[in-house]
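Student: I would like to learn how to read the features of a structure such as this one. Could you take me through them slowly, giving the general idea before the case at hand?

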Amino acid sequence: MKIDWAALGSVFGVSLVVTVALVGLFTLGVMALSHRERATAQGGSATLALTGAYACFAACTAAVAYGISLIVA
């Protein structure tokens, strides 16, 4: 049995980058929700923060669904 170390390293690198990107995107969504709560408490409008949070969470959901579809297919 011969292990293709280059392919294994490539898979590891891509999975590491995607994991860090998903965590960063989810963190941005949580930060946007926090900003929304601060803006609401101060009496301001928080529409942009809420839209940004929804966009971040939707992108996370789409990336996870795409990953699952790659595994299933």
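Student: How many aromatic pairs does the structure hold?

Tutor: In general, a pair of aromatic rings is described by the distance of the centres and the angle of the planes. Rings of Phe, Tyr and Trp (its six-membered ring) are paired if their centres lie within 6.5 Å, and planes under 30 degrees apart count as stacked, over 60 as edge-to-face and the rest as tilted. The structure, which is a predicted model, holds one aromatic pair. F26 and F57 form this pair, which is tilted, with 5.2 Å centre to centre and 50° between the planes.

Student: Which parts of the chain does the pair link?

Tutor: Helices (H or I, at least four residues) and strands (E, at least two) are DSSP runs, numbered from the N terminus. The pair links distant parts of the chain, with F26 in helix 1 and F57 in helix 2 (residues 47-72), 31 residues apart.

Student: What does the secondary structure of the chain come to?

Tutor: The chain has two helices and zero strands. Its radius of gyration is 18 Å, well over the 11 Å that the globule rule gives for 73 residues, so the chain is more spread out than a compact globule. That radius is taken over C-alpha atoms, and the rule is 2.2 Å times the number of residues to the power 0.38. Along the principal axes, the C-alpha atoms fill a box of roughly 65 × 20 × 10 Å.

Student: How far apart are the C-alpha atoms of L48 and R36?

Tutor: They are separated by 8.4 Å, although the two residues are twelve residues apart along the chain.

Student: What should I keep in mind about the numbering and the values?

Tutor: Residues are numbered from 1 along each chain as its sequence is written, and side-chain values use heavy atoms, leaving out hydrogens and water. In this predicted model, local features need pLDDT of at least 70 and side-chain atom pairs count only at pLDDT 80 or more, whereas totals for chains, interfaces and linings use all residues.
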